[in-house]
Amino acid sequence: MFIDEQTKQHLLWADVLRGFRPRTPMGREALERFSPFLPGQEREWEEVLAEQERLRKAAEGDPDWGRRIDACLSRVPDVLPLFPLLRGKQSPGVSGWFQLKGFLWQVKNLGERLREKGLQTLLSEVEPDLCPTLLRRLNPDSPLTPAFSLVSAFDERLGILRGRLERLDRRIREEREAMTRRIAEEYGVRPNRWGEWVVDRRSDVSRRMAEDRRLRLVRESAFDRVFAPVLSPEGEGRMEERSELEARLEAVEREVLEALAADFAPHVPALERAAEAVARFDLQWSRMEAARKWQGCRPRLSAGPIRVAGGVHPAVAERLREEGSRFTPVDIRVDKGVTVIIGPNMGGKTMVLRTLGLIVALAQHGFFVPAARCELPLVSFVSGVMGDGQDARAGLSTFGAEVKRVAEWFGKKGGLLLIDEIGRGTNPVEGAALSAAVTAHLAQSDHWTVHVTHYAEVLEVAGIRRYRTAGLRDAERDRGRDDWASRMDFRLIPLAEGEGVPHQALLIAEAMGMPRGIVEEARRWIAGAPGSAAAERLAGGGRETGKCRKRGDVLPWRSGPRG
């Protein structure tokens with residue numbers, strides 16, 4: 001699986017893809033099989049992106065043309081259930097032929113629209129003569145229309161039988177109208193719109209009408225009687241003749257439809273390819289439309305690192321706009337190995353993971369991505385440990401679920417791994433050691449890993465790339481202000497050599513309204529004693545070194561060159 005359900009939830013995948021709506025029934029069915037491009041499919045991936053680039057240029061250069069394309073796709077009917085019938089030379093009925101003709105009509109129009117912009121190759125799987133030939137078979141007279149009916153041009157017997165039926169119906173109708181007029185004049189009662197008479201059952205008219213052989217009692221209630229005219233023997237004969245004509249007409253219509261089914265059976269493979277081409281184009285169009293909403297850029301193939309400049313998470317950015325805020329774009333480079341991100345709580349670290357994971361997943365599903373620039377290799381999978389990963393059914397705690405999930409990665413290769421503070425679910429000493437050990441192992445792996453952490457020990461791992469979130473702007477000057485969110489700088493900054501974990505949790509707590517006395521008490525608890533080195537560092541919002549506080553020894557994996 002390229003991206004598991006848990007990771008999709010963390011990345012808000014469903015929220016982002018709400019704008020990805022194929023227009024056609026076959027496009028929506030293809031969406032169920034929607035799959036990413038994986039390593040080894042770089043050429044196909046580039047082709048899909050190049051097609052979208054051409055489509056987008058045409059749609060943005062001519063909005064009316066884009067609306068016509070959208071209209072064609074939106075009018076394509078569902079013909080997939082018809083193909084098995086036609087393959088067996090069974091007629092799908094008049095409604096089925098109507099749908100098939102509508103499909104051919106819209107595919108023809110779609111091809112014509114694409115030809116206007118030199119994009120006809122996007123439907124190259126559709127045989128050039130398929131639509132004109134089959135449309136003419138379903139439309140034997142002129143002019144060519146998108147509607148279907150069994151016109152007389154299919155078989156001259158249809159015209160003859162329908163003409164006789166029409167003349168017979170006219171005679172039956174005239175006889176009924178004449179009889180209705182006579183009865184209305186005799187009894188002085190007007191019929192209702194169904195040609196029936198409703199009369200008071202206690203009246204003399206009711207008694208007389210009940211005795212009239214030209215009328216029959218249809219129904220009665222406690223108050224009324226309803227009468228209808230009876231056809232004469234000649235009229236009854238005409239009705240029998242009409243039934244015979246209808247049966248003969250239906251037989252001819254079946255014969256015509258069966259002949260059509262036999263004619264269309266050899267074309268079923270070509271029709272199926274046309275439906276597949278429409279589905280593929282619909283997915284391309286829908287990708288392009290979705291990416292236009294987030295102003296996406298075309299991702300480029302990279303030989304090694306994942307680079308994102310100006311990356312945005314569309315779903316989060318939309319929510320922030322509704323609240324009057326803006327999303328801080330993400331700039332990051334992720335090499336094979338481990339990239340570590342540190343920073344204060346609520347500093348935007350987890351959002352970096354979400355944005356990066358989303359962009360890579362969108363890119364490999366063939367989308368233009370919400371970023372100013374993006375380069376990446378195709379990865380084998382995207383997986384993350386973010387948020388509370390408790391697995392109640394397996395009886396696992398947050399820590400247990402995280403460890404189980406990370407352990408599964410070690411048997412795989414070439415994935416993008418997103419880790420939000422591994423080891424936080426256990427005691428700090430063992431959590432820090434496990435976090436650093438996992439980072440050291442992944443630094444030598446075939447994965448692209450991004451690890452968000454607060455543990456200083458992780459920064460001592462050799463061969464990693466390091467970033468920090470900027471955190472609070474001028475914390476001392478703005479102390480006590482309520483609008484703490486506006487004071488946060490969510491930018492991602494490369495970590496300087498020797499720079500450690502920033503300590504701003506107490507400053508943020510104070511900015512969010514925690515009483516000053518409690519914050520100061522917390523500082524004293526951490527410092528241990530007045531005048532200690534820890535107190536000096538924390539008082540100024542300083543950063544802790546990468547040494548282990550328990551022993552004071554440099555961690556064993558620190559040796560080797562820094563990343």
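Reader: Which residues gather in a patch of negative charge on the surface?

Author: A patch is built from residues with over 30% relative accessible area and no salt bridge, like charges being joined within 9 Å and nonpolar side chains (Val, Leu, Ile, Met, Phe, Trp, Tyr) within 5 Å, and Asp and Glu count as negative while Lys and Arg count as positive, with His and the chain ends not counted. Here the patch of negative charge is formed by E236, E240, E241 and E244. One of them, E241, lies in helix 11 (residues 233-264), where helices are DSSP runs of H or I with at least four residues and strands are runs of E with at least two, numbered from the N terminus. This is a predicted model, in which local features need pLDDT of at least 70 and side-chain atom pairs count only at pLDDT 80 or more, while totals for chains, interfaces and linings use all residues. Residues are numbered from 1 along each chain as its sequence is written, and side-chain values use heavy atoms, with hydrogens and water left out.

Reader: Is E241 buried, exposed or partly exposed, and what is its relative accessible area?

Author: Buried means under 20% relative accessible area, exposed means over 50%, and partly exposed lies in between (1.4 Å probe, protein chains only). With a relative accessible area of 32%, E241 is partly exposed.

Reader: How many salt bridges are there?

Author: A salt bridge is a side-chain nitrogen of Lys or Arg within 4 Å of a carboxyl oxygen of Asp or Glu, and by this rule the count comes to 43. One of these joins the side chains of E116 and R68 at 3.6 Å, N to O. E116 lies in helix 7 (residues 93-116) and R68 in helix 5 (residues 63-74), so this pair ties together parts that are 48 residues apart in sequence. E116 is partly exposed at 44% relative accessibility, and R68 is partly exposed at 36%. A network of salt bridges also links R23, R56, E60, D70, E289 and R292.

Reader: Which way do the residues of strand 9 point?

Author: In a regular strand the side chains alternate between the two faces of the sheet. In strand 9 (residues 382-385), V382 and G384 point one way and S383 and V385 the other way, and all are buried.

Reader: In which sense do strand 9 and strand 10 pair?

Author: Two strands pair if DSSP finds at least two bridges between them. Strand 9 and strand 10 (residues 416-420) pair in the parallel sense over four bridges, and L416 in strand 10 is the bridge partner of V382.

Methods:
Areas by Shrake-Rupley, 256 points an atom, 1.4 Å probe, with all protein chains shown as cover. Charge placed at Lys NZ, Arg CZ, Asp CG, Glu CD.
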